[in-house]
Amino acid sequence: MQPTRLFSSAVARQVLDILRGTPLPNGMQDSPARSLAFKTGTSYGQRDAWAAGVQAGWTVVVWAGRPDGASSPGITGLHVAAPVMTRIMDTLPASPDTVGTPLRALAPLASSLQVLPEHEGPRVLSPPNGAVIESFGPDGAATPVGLEASGGAQPYRWMINNQPLATPPGLAASWQPDGPGFAHVAVVDALGRASSVTIQVH
């Protein structure tokens, strides 16, 4: 596949100039020699924390999160991924041109980051565990909350606060909250295996 340029060189330089002014995380100090340009991001439900940095010809991208895709309350790109990215940058030579051999991993991959075996039973994908969902409008009417699962053996059965949810055949599962508060959402597959999440609706 041939690479495709998305921005002109002038635009790319302007973006890098803007990103070089980003404050470093956790009190880290930058210097003119480093001239690090970076951007962070945190996905909905705090399932992914990202940091991407450019410095002296190097590009380093760090992802933090759970291998199974579940929520990790408290993680953010700035406070979790960015410090790792900057420390990696500190270990790299001044320029990629000075590297005579391919870079090797600095350390063995932590067991928590290794690939996990596939989850055998069902898993709730949406809403994610710990999600805070805006369902009720100014008029008090509730917007249905979409439900999605994967894995296990279909068909799925859904339970809301230990009560079965009626889902018409052929339609995507959804739940209409009857009031604000916490809710326990569980999915059960055809073999009786289950998983659940707890969310807050308001």
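Mentor: Asp-189 counts as buried because its relative accessibility is 2%, where buried means under 20% relative accessible area, exposed over 50% and partly exposed in between, with a 1.4 Å probe and protein chains only. This is a predicted model, in which local features need pLDDT of at least 70 and side-chain atom pairs count only at pLDDT 80 or more, while totals for chains, interfaces and linings use all residues. Residues are numbered from 1 along each chain as its sequence is written, and side-chain values use heavy atoms, with hydrogens and water left out.

Asp-189 forms a salt bridge with Arg-193, their closest N and O atoms lying 3.0 Å apart; the term requires a side-chain nitrogen of Lys or Arg within 4 Å of a carboxyl oxygen of Asp or Glu. Arg-193 is partly exposed, at 30%. The whole structure holds two salt bridges, and Arg-20 and Asp-17 form one of them, at 3.1 Å from N to O. Here Arg-20 is partly exposed at 32%, whereas Asp-17 is exposed at 52%.

Turning to helix 2, residues 77-91, note that helices are DSSP runs of H or I with at least four residues, and strands are runs of E with at least two, numbered from the N terminus. Its buried residues include Gly-77, Pro-83 and Met-89. The C-alpha atom of Pro-93 is 9.2 Å from that of Trp-58, although 35 residues separate them along the chain.

How values were computed: Expected span 1.5 Å × (residues − 1).
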